Amino acid sequence: MAAEQDVEVEDELAQAQRTLRDMKSKISAQSKKNFMLERDVRFLDSRIALLIQNRMALDEQNEVASHLEEHDDDNDDHYPDDRKMQQYGNLFFLLQSEPRHIATLCRLVSLAEIDTLLQTVMFTLYGNQYESREEHLLLTMFQNVLAAQFETTAEFTSLLRANTPVSRMMTTYTRRGPGQSYLKSVLSDKINDLIEQKNLNLQINPLKIQEEIIERAEMENGGESGIVKSVSVEEAAADPHVKAFLEPRLRTLIDLANSFLTTIINSLDQVPYGIRWICKQIRSLTKRKYPDASEYAISSLIGGFFFLRFVNPAIVTPQAYMLVDGNPSNHARTTLTLIAKMLQNLANKPTYAKEVYMIPTNPFVENNKTRINKFLNDLCEVGDFYESLEMDQYMALSKKDIMISITPNEIYNTQALLQHHIDILAAKETDHLRILVTEVGPAPPQVPRKDNKPIELPLFSRWEMPIQDLTTTLMSENNITQNDILYMEAKAIFVQLIRSLPYLARKPLNLQRIAETAGTANDAQLVRKGIKVKEMLRELEEAGVTDRRDGYQLLVEEITQEMQHLGDLKLKVMEEMHSLESVYQTIQDHNNYLKSQLESYKAYLQNVRIQSGGGDKSNKKQVGIGVQVAEGKVKQKPGKIHMQGPVKYTHQQLEREGIIAETEVPEYRRSNIFLTISSPIPGTFIISLHYKGRDKPILEIDLKLDDLLEKQQDGVKLLDLEYIKLDVSKTLQLLTKTFMAKNK
């Protein structure tokens, strides 16, 4: 409501709301940065793998390097001129306010093109994730995309499950601020509680349990265990030794899965509106397209989105969603994967386990079928936003300050896609989209990364209606009269006056006194409002809408309710602020992680390019970062000769930071254990494990940056140092921060 966000009011609620809006804006901006960084990291993951295998030409190395360049703050040559800015402002206003064009474009592009387009759509065009108009327009676009997907998909079972541009869109939507906030508030504590139980082993695959038993027996007996290995799951499950382990594990696992399910079901009211609204559209479209589909079949499609695309990825890889501080241990990772499988089996129609070893978890599915079906249907029970969207659109057309922060490459990429598909998007010469795309001309080439700085682009309609026409349209479409608008405006002004002069809030409210007091105040703004609202009361009385004789009872009641609502709203704003502070910190942490990953890649790439001598493949001599190759000889850059380190770390420090992931050092000895790391030449590290009081290290290893990156590429989580195991990713971050950052 207008009274809720009045910039002219300066009470505690207004200040809290302003702080909240700033926080939401920061989350939206940071979400976009993370999405862009994730794309760079995904690209570099695959390219670094080729570098490690020495299978990349120099021009490809240069392409990889371009993904690591920073913005050049001094170069503005790539910015569009004023005329182009106006044309782009018209074009992107049309794309934003008429989502059907983007919806069609998302279906036409290839999988290779979708990520770049999604960045523009999700984080730029509709990037203000907490602003109702942008969110509602984005959801309208989803409705168009989903409707077309249902029309063109022949097989019911493949709906929304294949990896298509549409499924990628849905996954990207859940990664926006509100979705991340929900996952953190609902799942973080559950997952952390599970991870803290370090010795909890809930492996239920009988073959793997048998391997554990054999391994333990061989360690205890110092040789053969005497146990014959089974060849099938069924055979292993019949082994009495395996049964003794399996049955209690199964009970604990089902209890845990029930606990996760209960937490998710109880979080119904916390699920972001947009995600619930998409669930509602899936249900509605399924009923229309497949009238014979059973309730369970419909629920399976909703579950395919809610669990498969949203909740389960966060359960399986909580570290990627910043729900946990470190990487889960192998046991915890297995347990989380099993819980996600059980939830997915439950959400799929429900179906029973396909893998033989999962069959004993079928009672979980059987016992929860009714619960999950009700929850998935309850998710869909949200109101529509079409009426409020009409009002939002009206407000957007009547103001001049709609801005988006967009990079030149986002503009040019969208422009190129529109031109390529214009005959489908806007077939007629008179279509507004075709007119604007023709006017703006051919898309310029993509600019280098260092020049791709964001532009503040003002959006406005080329075909703007006069405000009077908009008011008339709004009134005719919504059966709102001029008196209704006058009444709503008077109520909003009275609320603003009471918020500015709280002592006037004493009951019963005297509207005449409030107007008189404001009209004679020392503040010019209050005087203006007081005189205006006094005149409004007179007009409303003449129109028979209110009556002075009953003290304007109806208006007083509504103002009182509104003040009560604002009091409740203040509490909600404070609660939301507290929640979003945590979300923002999580997003910041993820940003730092992605940056450190890029730093590691930058250091490695620099090393490789120096080694290759600017592309001279005959130079096979290995050199480090900060080393130049001149006339076939290795020469150090000035000031880079000295060895770096050793740097000392205590066992407790590295364990606390999650770098030591597993340890066999007894707890009472850990205070006497420390590690030193030194770098004799860049790209090479010596890690030594020491015991206080001894001259020589207990253990010393020579570690190459290549080897560490290769382990990361191969999905190896831990680096085994005999007595301790280091987390590969966090070790890489530590080395990058401590040694490689100094070599820039």
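1. Orientation of α9 and α11. In this predicted model, helices α9 and α11 are oblique to each other. Their axes cross at roughly 120° and come within 9 Å. Angles of 65 to 115 degrees would count as roughly perpendicular and those over 145 as roughly antiparallel, so this pair falls in the oblique class. The helices concerned span residues 206-221 (α9) and 240-266 (α11). The crossing is right-handed.

2. Contact between α9 and α11. On the α9 side, the contact uses Pro206, Ile209, Gln210, Glu212, Ile213 and Arg216. On the α11 side, His241, Val242, Phe245, Leu246 and Arg249 take part. By class, this contact has 6 nonpolar, 2 polar and 3 charged residues. An α-helix has 3.6 residues a turn, so residues three or four places apart point the same way.

3. Orientation of α8 and α14. Helix α8 (residues 177-196) packs against helix α14 (residues 330-347) at an angle of about 140°. Their axes are 9 Å apart. The angle makes α8 oblique to α14. Roughly antiparallel would need an angle over 145 degrees. The crossing of α8 and α14 is right-handed.

4. Contact between α8 and α14. From α8 come Ile191, Leu194 and Ile195. From α14 come Ala332, Thr335, Leu336 and Ile339. The classes are 6 nonpolar, 1 polar and no charged residues. Thr335 is the polar member.

5. Cover of α7. How many of the 10 residues of helix α7 are buried? The count is 8, and the helix (residues 165-174) is mostly covered. The buried residues are Pro165, Val166, Ser167, Met169, Met170, Thr172, Tyr173 and Thr174.

6. Salt bridges overall. The search of the whole structure gives 14 salt bridges.

7. Arginine 283 with glutamate 381. These side chains meet in a salt bridge, at 2.9 Å from N to O. Arginine 283 sits in helix α12 (residues 273-289), and glutamate 381 in the loop between α15 (362-379) and α16 (386-398). The pair therefore ties together parts that are 98 residues apart in sequence. Arginine 283 counts as buried, because its relative accessibility is 14% and the cut-off is under 20%.

8. Aspartate 423 with arginine 434. This salt bridge has an N to O distance of 2.6 Å. Aspartate 423 belongs to helix α18 (residues 422-425) and arginine 434 to helix α19 (residues 432-440), so the bridge ties together parts 11 residues apart in sequence. Arginine 434 counts as buried, at 12% relative accessibility.

9. Arginine 538 with glutamate 535. In this salt bridge the closest N and O atoms are 2.1 Å apart. Both residues lie in helix α23 (residues 524-542). They are 3 residues apart, about one turn of the helix. Arginine 538 is partly exposed, with a relative accessible area of 38%. Glutamate 535 also counts as partly exposed, at 34% relative accessibility. The bridge belongs to a network of salt bridges that links Glu535, Arg538 and Glu542.

Notes
Residues numbered from 1 in each chain as written. Predicted model: local features only at pLDDT ≥ 70, side-chain atom pairs only at ≥ 80, totals over all residues. Heavy atoms only, no water. Salt bridge = Lys/Arg side-chain N within 4 Å of Asp/Glu carboxyl O. Helix = DSSP H or I, 4+ residues; strand = E, 2+ residues; numbered from the N terminus. Buried < 20%, exposed > 50% of the residue type's maximum accessible area, 1.4 Å probe, protein only. Axes fitted to C-alpha atoms, helices over the stretch in contact; angles between N-to-C directions. Parallel < 35°, antiparallel > 145°, perpendicular 65-115°, else oblique. Left-handed = near helix turned anticlockwise from the far one by under 90°. Contact = heavy atoms within 4.5 Å.
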